[in-house]
Amino acid sequence: SLQKWVLREISNFEYLMQLNTIAGRTYNDLSQYPVFPWILRDYVSETLDLTNPSVFRDLSKPIGVANERHARDVKENFEDPTGTVDKFHYGTHYSNAAGVMHYLIRTEPFTTLHIQLQSGRFDCSDRQFHSVPAAWQARMENPVDVKELIPEFFYFPEFLENQNGFDLGCLQLSNEKVGDVVLPRWARSREDFIYQHRKALESEYVSAHLHEWIDLIFGYKQRGPAAVEALNVFY
């Protein structure tokens, strides 16, 4: 499949799905759910210009240091010499069961699973997935949030809609009710978001740089000296 991908006989989406499968990731296991990259960093423009490299995230860096400011802290924390555990850059992970439920909170059976995880109620509204631009902002401002995406972001508009009318509470600052997921300004609808996001995944820029992210998640930068250098060591 690598050969097919290089020859562009299969899409970036399909290649990532195949890598996930080979790595033992599956829709049947929330703790080993397929993982996809954040690929954009522009969620505020009126239109999304896929010919402009600056709208894309740097795929050579782990999402935890997508913001340059965090790189210094992450390096410093790694040097923590408590000696009780192996050293690591991140205490959380780019893909875990709680993260999958976080993104899919509006869709059953994930809603029920989320409620069970939170001992019988929805998690506090501010911590919920309520907005795509805000989720990216959290990656920029919160060094602890290192969640990558799930494949649904590229084909499943329904997960962005509160179809079942769940009471997800209100945001603290704006007192806004959490309902459907807030979309980037350049998306005219949920379907349009998925369409443009998928187009971004298949764009020239991502095709040229996707291998850098693959090295971090599935390749030689997962552990050992290459991982240390790439700021890519997880607890």
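Asn20 touches Arg25, Pro34, Val35, Phe36 and Phe218, where touching, or contact, means heavy atoms within 4.5 Å and residues up to four places away in sequence are not counted. This asparagine lies in helix α2; helices here are DSSP runs of H or I with at least four residues, numbered from the N terminus. At 0% relative accessibility, Asn20 counts as buried, on a scale where buried means under 20% relative accessible area, exposed means over 50%, and partly exposed is in between (1.4 Å probe, protein chains only).

The model is predicted, with local features needing pLDDT of at least 70 and side-chain atom pairs counting only at pLDDT 80 or more, while totals for chains, interfaces and linings use all residues. Residues are numbered from 1 along each chain as its sequence is written, and side-chain values use heavy atoms, with hydrogens and water left out.

Two packed helices are described by the angle between their axes and the distance between the axes. Helix α2 (residues 12–22) packs with helix α8 (residues 204–217) at an angle of about 15 degrees, and the two axes are 11 Å apart. The axes are lines fitted to C-alpha atoms, for helices over the stretch in contact, and angles run from 0 to 180 degrees between N-to-C directions. That makes α2 roughly parallel to α8, since angles under 35 degrees count as roughly parallel, over 145 as roughly antiparallel, 65 to 115 as roughly perpendicular and the rest as oblique. On the α2 side, the contact is made by Asn12, Tyr15, Leu16 and Leu19, and on the α8 side by Val206, Ser207, Leu210, Trp213 and Ile214. Of the residues in this contact, seven are nonpolar, two are polar and none is charged. In this grouping Ala, Val, Leu, Ile, Met, Phe, Trp, Tyr, Cys and Pro count as nonpolar, Asp, Glu, Lys and Arg as charged, and the others, Gly among them, as polar.

Trp136 is placed in helix α6 (residues 132–141) and is buried, with a relative accessible area of 5%. Setting aside neighbours within four places in sequence, Trp136 is in contact with Trp38, Leu40, Arg41, Tyr43, Arg57, Ile63 and Ala66. Although Trp136 and Tyr43 are 93 residues apart in sequence, their C-alpha atoms are 8.0 Å apart in space. Phe88, in turn, lies in the loop between α3 (68–78) and α4 (97–103), and its 25% relative accessibility makes it partly exposed. With neighbours within four places again left aside, Phe88 is in contact with Asn77, Phe78, Val233, Phe234 and Tyr235. The C-alpha atoms of Phe88 and Val55 are separated by 30 Å, and these residues are 33 apart along the chain.

Charged side chains come next. A salt bridge is a side-chain nitrogen of Lys or Arg within 4 Å of a carboxyl oxygen of Asp or Glu, and by this rule the count comes to 13. One of them pairs Lys147 with Asp145, with the closest N and O atoms 3.2 Å apart; both Lys147 and Asp145 are buried. Another joins Arg188 and Asp192 at 3.7 Å, N to O. Here Arg188 is exposed at 73% relative accessibility, whereas Asp192 is buried at 9%. Glu202 and Arg198 also meet in a salt bridge, at 3.9 Å from N to O, and these residues are partly exposed, Glu202 at 29% and Arg198 at 27%. Elsewhere, salt bridges that share partners join Asp58, Lys61 and Glu68 into one network.

Finally, the backbone holds a few details to look for. A cis peptide bond, with omega about 5 degrees, joins Glu108 and Pro109, and Pro109 lies in the loop between α4 and α5 (110–117). Arg8, a residue other than glycine, has a positive phi near 60 degrees. Arg8 sits in the loop between α1 (2–6) and α2 and is exposed, at 52% relative accessibility. Asn175, likewise not a glycine, has a positive phi of about 60 degrees. The loop between α6 and α7 (190–201) is where Asn175 is found, and with a relative accessible area of 57% Asn175 is exposed.

Definitions and conventions
Helix = DSSP H or I, 4+ residues; strand = E, 2+ residues; numbered from the N terminus.
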